[in-house]
Structure formats: structure tokens, C-alpha cells
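Subject: Handover of a structure

Hello,

Here is the structure I promised to pass on. Please open it first, then read my notes below.

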Amino acid sequence: QVQLVESGGGLVQPGGSLRLSCVASGSDFSINAMYWYRQAPGKQRELVAAVTSGTSYSDSVKGRFTISRDNAKNSVYLQMNSLKPEDTAVYYCNAHVTKSTWLTARAYWGQGTQVTVSS
């Protein structure tokens, strides 16, 4: 089994910054790709950023958020700058994980961390 644990959420004023972290733990696994999603109240969960062989972002966060990955620590980060009230959501980490005994990769989710942007 693989577990993902996010941290770094909180309350921030518009224009401020936060850095989210997500660490994967378990045994004998490899991570193909890592993602950050978010879900605002009453809305569907949306993909915000991805890191695979490269990085990609949704249009709503491009130029403000930066995703990065530390393979040695099985970690992914999301640096969020110039935050707006519409960025308020629960942010979830997602990882596509493989093991030598598995035929296909499996997706794992963290528990989520709340980000609130408000004055």
C-alpha cells in the first residue's frame, strides 16, 4: 500500500503565497507521475498541475503556480503565488504508482489540504 500525505494549506490574503507539499510512503514502489487537483465547494474536482517528464498547468493557474518534484524524497510540491479568492479549495495530491508485481499503475490520493484565500 502507498500513502500520500499533504501539508501546507491554510488561510492567506489575496496576493499572498503558499507552498503545498505531498509525500508518498510505502515499500518497493515507483512513481510515474504526480498531480495536484483541487475541489471548491459545489464544484467538480479539477486538475491544477502535473509533473511527468515535464510540467503542465491549467489555464487558471498558469504563471502563478509552480509544480516541482523530488524523486529522492517521493515528494511533490506546489508553490502558489499571487493567490486569488477563486483559488480557495481543498487541494489533493495524486500519484500514479507502479510496483514490480503489478500489471498496471495505480492511482493514489492524499486526504486533501484546505487553502482559503480571503481578506
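Start with strand β3 (residues 18-25) and strand β8 (residues 75-80), which pair in the antiparallel sense over six bridges. Strands here are DSSP runs of E with at least two residues, numbered from the N terminus. Two strands pair if DSSP finds at least two bridges between them. In general, strands of a sheet pair through backbone hydrogen bonds, either parallel or antiparallel.

Before going on, some ground rules. This is a predicted model, where local features need pLDDT of at least 70 and side-chain atom pairs count only at pLDDT 80 or more, while totals for chains, interfaces and linings use all residues. Residues are numbered from 1 along each chain as its sequence is written, and side-chain values use heavy atoms, with hydrogens and water left out.

**The sheet**

C22 has V76 as its bridge partner in β8. R19 has Q79 as its bridge partner in β8. On to β1: this strand and β3 pair in the antiparallel sense over five bridges. There, L4 has A24 as its bridge partner in β3.

These strands belong to an open sheet of four, in the order β1-β3-β8-β7, with antiparallel pairing. Its edge strands are β1 (3-7) and β7 (65-70), each pairing on one side only. From one strand to the next, the twist averages 15 degrees. The angles come from axes that are lines fitted to C-alpha atoms, and they run from 0 to 180 degrees between N-to-C directions.

**The disulfide**

C22 and C93 form it, with their sulfur atoms 2.1 Å apart. The link is left-handed, with -75 degrees about the S-S bond. C22 lies in strand β3 and C93 in strand β9 (residues 89-98), so the pair ties together parts that are 71 residues apart in sequence. Both C22 and C93 are buried. Buried means under 20% relative accessible area, exposed means over 50%, and partly exposed lies in between (1.4 Å probe, protein chains only).

**The core**

The largest nonpolar core has 31 residues. Such a core is a set of buried Ala, Val, Leu, Ile, Met, Phe, Trp, Tyr and Cys residues joined through side-chain atoms within 4.5 Å. W36, F65, V76, L78, M80, Y91 and V97 touch the most other members. Elements that give two or more residues to this core are β3, β4 (30-39), β5 (46-51), β7, β8, β9 and β11 (113-117). β9 gives the most, with five residues.

Look at Y91. Contact means heavy atoms within 4.5 Å.

**Two buried residues**

D87 sits in the loop between β8 and β9. D87 is buried, with a relative accessible area of 0%. Its contacts, leaving aside neighbours within four places in sequence, are R38, R64, F65, S82, V115 and V117.

T113 lies in strand β11. T113 is buried too, with a relative accessible area of 10%. Leaving aside neighbours within four places in sequence, T113 is in contact with E6, S7, G8, G9, L20, A89, V90 and Y91. T113 and V5 are 108 residues apart along the chain, and their C-alpha atoms are separated by 9.1 Å.

**Aromatic rings**

A pair of aromatic rings is described by the distance of the centres and the angle of the planes. Rings of Phe, Tyr and Trp (its six-membered ring) pair if their centres lie within 6.5 Å; planes under 30 degrees apart count as stacked, over 60 as edge-to-face and the rest as tilted. The count comes to four aromatic pairs. In one of them, Y35 and Y37 have ring centres 6.4 Å apart and planes at 55 degrees, so the pair is tilted. Y35 counts as buried, at 15% relative accessibility. Y35, Y37, Y92 and W109 form one aromatic cluster.

**An exposed loop residue**

Last, T101. Where is T101 found? In the loop between β9 and β10 (106-109). T101 is exposed, with a relative accessible area of 68%.

Best wishes

Terms used: Disulfide = S-S within 2.5 Å.
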